[in-house]
Amino acid sequence: MENKNSKYDRSSVLLIVFIGVLFITSITIMMLQTFVDNWYDKKAIATILLILSILRNISYILPALAIKSKNLKIAGIIVASILILCLLISPAKMLFTIQPH
């Protein structure tokens, strides 16, 4: 049972966290790819980018968790989970194929 007197409800917090994660990871990825020359040849930078990408992809579950209706929440979690699995396939392939130079 949620406390109606609380300053912030759980749904609002989850949505703000989702927006924050998307913003921070997207800006960081863009800056690394823009300002680091040959970032794709540097194993450490490529690993950081992969971790950020995975974190961003996993955060797509947060809006589904913010849904208040139980039936819609279950549907949202299922759809978000399928999306996350699809989005994680590419980074997972890259993570296991990074070759040391």
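Asp9 is partly exposed, with a relative accessible area of 23%. This value, like every other one here, comes from a predicted model. Asp9 sits in the segment before helix α1. Its partner is Lys68, and the two form a salt bridge. The closest N and O atoms of Asp9 and Lys68 are 2.9 Å apart.

Lys68 belongs to the loop between α3 (61-66) and α4 (70-95). Lys68 is exposed, because its relative accessible area of 60% is over the 50% cut-off. Side chains of opposite charge can pair when their charged atoms come close. The salt bridge count for the model comes to one.

## The overall layout

The protein chain has four helices and zero strands. Read from the N terminus, its elements run α-α-α-α. The protein chain has 101 residues, and 24% of them count as buried.

## How α1 meets α2

Helix α1 covers residues 10-35, and helix α2 covers residues 43-58. Their axes come within 9 Å and cross at roughly 155 degrees. An angle over 145 degrees counts as roughly antiparallel, so α1 is roughly antiparallel to α2. The crossing of α1 past α2 is left-handed.

Which residues make the contact? On the α1 side they are Val21, Leu22, Thr25, Ser26, Thr28, Ile29, Leu32 and Gln33. On the α2 side they are Ile45, Ile48, Leu49, Leu52, Ser53, Leu55 and Arg56. By type, the contact of α1 with α2 has nine nonpolar residues, five polar and one charged.

## Leu49, a residue of α2

Leu49 is found in helix α2. Is Leu49 buried or exposed? Leu49 is buried, because its relative accessible area of 7% is under 20%.

What does Leu49 touch, leaving aside neighbours within four places in sequence? Leu49 is in contact with Ile29, Leu32, Gln33 and Trp39. Among these, Ile29, Leu32 and Gln33 belong to the α1 side of the helix contact. Leu49 and Gln33 are 16 residues apart in sequence. In space, their C-alpha atoms are 8.7 Å apart.

## Ser53, another residue of α2

Ser53 lies in helix α2. Ser53 is buried, since its relative accessible area is 14% and the cut-off is 20%. Not counting residues up to four places away in sequence, Ser53 touches Ile29 and Pro91.

Ile29 is part of α1's share of the contact with α2. Ile29 is also among the residues in contact with Leu49. Ser53 and Leu87 are 34 residues apart in sequence, and their C-alpha atoms are 9.1 Å apart in space.

Methods: Residues are numbered from 1 along each chain as its sequence is written. This is a predicted model: local features need pLDDT of at least 70, side-chain atom pairs count only at pLDDT 80 or more; totals for chains, interfaces and linings use all residues. Side-chain values use heavy atoms; hydrogens and water are left out. Axes are lines fitted to C-alpha atoms, for helices over the stretch in contact, and angles run from 0 to 180 degrees between N-to-C directions. Helices (H or I, at least four residues) and strands (E, at least two) are DSSP runs, numbered from the N terminus. Angles under 35 degrees count as roughly parallel, over 145 as roughly antiparallel, 65 to 115 as roughly perpendicular and the rest as oblique. A crossing is left-handed if the near helix is turned anticlockwise from the far one by less than a right angle, and right-handed if clockwise. Contact means heavy atoms within 4.5 Å. Ala, Val, Leu, Ile, Met, Phe, Trp, Tyr, Cys and Pro count as nonpolar, Asp, Glu, Lys and Arg as charged, and the others, Gly among them, as polar. Buried means under 20% relative accessible area, exposed over 50%, partly exposed in between (1.4 Å probe, protein chains only). A salt bridge is a side-chain nitrogen of Lys or Arg within 4 Å of a carboxyl oxygen of Asp or Glu.
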